[in-house]
Protein chains: 2
Amino acid sequence: MLPIALDAMGGDRAPDEIVAGGVQAAEQLGVDVLLVGLPEAVEGHGLPTLTCSEVIAMDDDPGQGVRRKKDSSLVRAAEAVRDGKASAMVSAGNTGATMGAALLRMGRLKGVHRPAIATPIPVPGTTPTILLDAGANAECAPEWLVQFARMGSVLATDRYGIDKPRVGLLSIGEEETKGNTLVKEAHALLRAADGIRFVGNVEGRDILTDDIDVVVTDGFTGNVALKTLEGGLKFIVGKVFEAMMSSDEAKEAAKVLLPALAPVADELDPDAHGGAMLLGVDGVCIISHGSSSARAVVNAVRVARDMVDKGLVERLRAVVVTPPA
Amino acid sequence: MLPIALDAMGGDRAPDEIVAGGVQAAEQLGVDVLLVGLPEAVEGHGLPTLTCSEVIAMDDDPGQGVRRKKDSSLVRAAEAVRDGKASAMVSAGNTGATMGAALLRMGRLKGVHRPAIATPIPVPGTTPTILLDAGANAECAPEWLVQFARMGSVLATDRYGIDKPRVGLLSIGEEETKGNTLVKEAHALLRAADGIRFVGNVEGRDILTDDIDVVVTDGFTGNVALKTLEGGLKFIVGKVFEAMMSSDEAKEAAKVLLPALAPVADELDPDAHGGAMLLGVDGVCIISHGSSSARAVVNAVRVARDMVDKGLVERLRAVVVTPPA
């Protein structure tokens with residue numbers, strides 16, 4: 001397999017933590033990792049490198065960043081995939097710029113309306129629920145959501161081994177008459193579509209359950225839902241932690257409970273899941289969250305390798321060009 | 001004060017739990033409660049009654065229910081407010097039908113584009129964040145959101161004593177260039193509006209913080225955010241509870257932690273908050289959640305009384321007709 005291009009400059013903890021993750025991934029997974037970044041960041045770690053002279057910052061305007069910084073690590077990583085020098089790219093950097101670089105350099109798959117960000121939402125005790133679009137397209141047409149359903153289903157199969165993934169449409173009630181115009185139109189199209197196991201409308205409360213595998217929505221709603229969920233979980237975990245630290249007695253009690261709580265906390269930890277993917281571009285593109293640790297990078301590289309192994313992009317190409325009968 | 005009309009037939013636990021709540025509210029708050037419902041449900045409890053012959057079920061189509069069941073408790077409760085027989089209405093029944101009954105019988109305030117559901121989201125440690133629209137209007141025009149901001153600000157002041165409520169617009173990034181067309185247009189209008197303390201775009205993760213008092217959004221996004229948050233909190237609370245019950249040792253430890261966790265759980269309990277309100281109709285209308293207990297009814301009646309006392313509807317009338325300079 002060609003190496004996996006790792007944007008060493010992307011992420012709140014770049015480059016040190018990202019490079020450390022790359023080194024660990026190479027060791028632990030036996031995968032070739034191509035470190036892409038400034039020479040001083042990527043050289044001397046015993047891994048192949050692709051050096052560049054620019055960095056797109058986390059707060060750079062994504063469009064301008066990609067257009068103007070042609071020798072940035074993000075753009076170079078995407079080019080490496082395009083040029084057959086890497087099999088996949090991984091970045092924890094500026095999400096908009098990662099999308100832009102992947103789209104401009106790799107290009108979209110033929111037949112894809114718009115690439116979408118597919119975010120796995122961990123559901124302790126079962127496989128994650130894949131939410132897409134989680135933010136690539138603030139406005140969507142109904143037929144795009146049908147394509148998101150196809151692409152998300154392929155990902156659920158390849159990434160989580162789900163045979164016939166159940167697809168729900170995010171709405172504000174189970175009835176097909178509920179929702180906005182986009183949802184009502186998408187509902188009808190999904191209902192009529194071949195090759196999608198559409199189970200109807202779902203609500204926000206269904207995301208964290210075992211009842212659904214793929215949730216499709218526009219990128220605005222998806223991003224709001226994702227961040228609301230993250231905020232809510234962070235809040236309540238913080239409150240539980242506060243209670244556990246509130247007295248010496250509580251601290252002792254917490255020690256007893258931690259073994260039972262730790263697996264849940266670990267499953268909810270985004271670092272354990274290897275990040276979101278941009279589906280619909282001509283290559284595997286993993287978008288890790290900005291605060292990624294070395295561990296998150298290892299898991300992202302693992303997912304990238306697995307998706308290359310499974311031929312995800314070819315399988316996506318097949319469903320977007322000729323939907324299965 | 002005129003009595004508060006309580007829809008005795010609305011809610012998963014109606015009529016018994018609702019009537020019990022009405023009786024407790026009358027006792028504890030010294031408020032006149034008018035029980036509206038079928039004779040066998042409302043008579044014999046020592047409270048004034050308004051009897052009817054029909055009930056709109058939780059799963060009835062809201063529009064049909066309100067149009068066809070003219071002698072239903074919901075419609076009669078709204079009429080009581082319209083006719084000056086009650087000062088406010090409270091229902092834990094079918095949300096859509098409650099909105100419909102209030103809108104058709106009370107009418108909307110002059111100048112109101114669309115009434116909105118304002119839901120207080122409890123934030124333990126500080127005042128709740130008011131989210132509107134939480135589901136009345138799946139599709140909104142930008143100027144409606146400006147009016148939601150005005151109405152939500154009045155409610156934050158009257159209900160939670162917040163002097164100059166901070167209003168945020170729910171989006172997918174703080175930058176005003178982020179979001180869908182509705183959000184971008186609403187952002188510009190809110191920025192230019194007098195009399196609103198607009199602090200810019202907020203994200204889902206900001207809802208459960210002390211940084212914001214009122215969050216405006218369309219009813220589709222608001223409802224998705226609300227249900228996603230509810231689902232997430234329920235999920236994690238369930239997992240913590242599971243851990244606490246996982247062994248005898250854990251149960252003992254849980255007893256130590258409960259005193260510190262109980263206040264948080266209590267603040268998050270929707271029964272403690274008195275429910276959502278439909279803002280923009282010509283009367284106080286409290287929409288309690290479907291699973292309301294007697295305690296929830298007491299709190300709903302309390303909020304209804306307080307809002308009547310404060311002259312909420314007149315204050316809303318003033319801001320929607322002539323926005324403050």
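How many residues does the contact take from chain A and from chain B? Here are some notes on that point and on what surrounds it.

1. **The answer, and a caveat.** Please keep in mind that this is a predicted model. In it, 43 residues of chain A and 43 residues of chain B go into the contact. Two helices of chain A, α8 (219-244) and α9 (248-268), each provide at least two residues of the side that touches chain B. The largest share of that side, 19 residues, belongs to α8(A). Sorted by class, the side of chain A that touches chain B holds 24 nonpolar, 11 polar and 8 charged residues.

2. **Symmetry.** Chain A can be superposed on chain B by a rotation of 180° with 0.0 Å of shift along the axis, and the RMSD is 0.0 Å. The two copies are thus related as by a two-fold rotation axis.

3. **The α8 pair.** Packed helices are described by the angle between their axes and the distance between the axes. For α8(A) and helix α8 (residues 219-244) of chain B, the axes come within 9 Å and cross at roughly 35°. This crossing of α8(A) and α8(B) is right-handed. On the chain A helix, the residues making the contact include A:T221, A:V224, A:A225, A:T228 and A:L229; further along α8(A), A:G232, A:L233, A:I236, A:V237 and A:V240 also take part. From α8(B), the contributors include B:T221, B:T228, B:G232 and B:V240. By class, the contact of α8(A) with α8(B) has 14 nonpolar, 6 polar and no charged residues.

4. **Domains within a chain.** The domain assignment divides chain A into domain 1 (1-112 + 280-325) and domain 2 (116-270). Taken over C-alpha atoms, the centres of domain 1 and domain 2 of chain A are separated by 24 Å.

5. **Where the domains touch.** In chain A, this contact takes 16 residues from domain 1 and 12 residues from domain 2. On the domain 1 side, the elements giving two or more residues are α10 (294-310) and α11 (312-321) of chain A. The largest share of that side, 5 residues, comes from α11(A). By class, the side of domain 1 that touches domain 2 in chain A has 12 nonpolar, 2 polar and 2 charged residues.

Notes
Residues numbered from 1 in each chain as written. Chains lettered and ligands numbered in written order. Predicted model: local features only at pLDDT ≥ 70, side-chain atom pairs only at ≥ 80, totals over all residues. Least-squares fit on C-alpha atoms with pLDDT ≥ 70 in both. Contact = placed C-beta atoms within 7 Å. Helix = DSSP H or I, 4+ residues; strand = E, 2+ residues; numbered from the N terminus. Nonpolar A, V, L, I, M, F, W, Y, C, P; charged D, E, K, R; others polar. Axes fitted to C-alpha atoms, helices over the stretch in contact; angles between N-to-C directions. Left-handed = near helix turned anticlockwise from the far one by under 90°. Domains from an automatic or database assignment.
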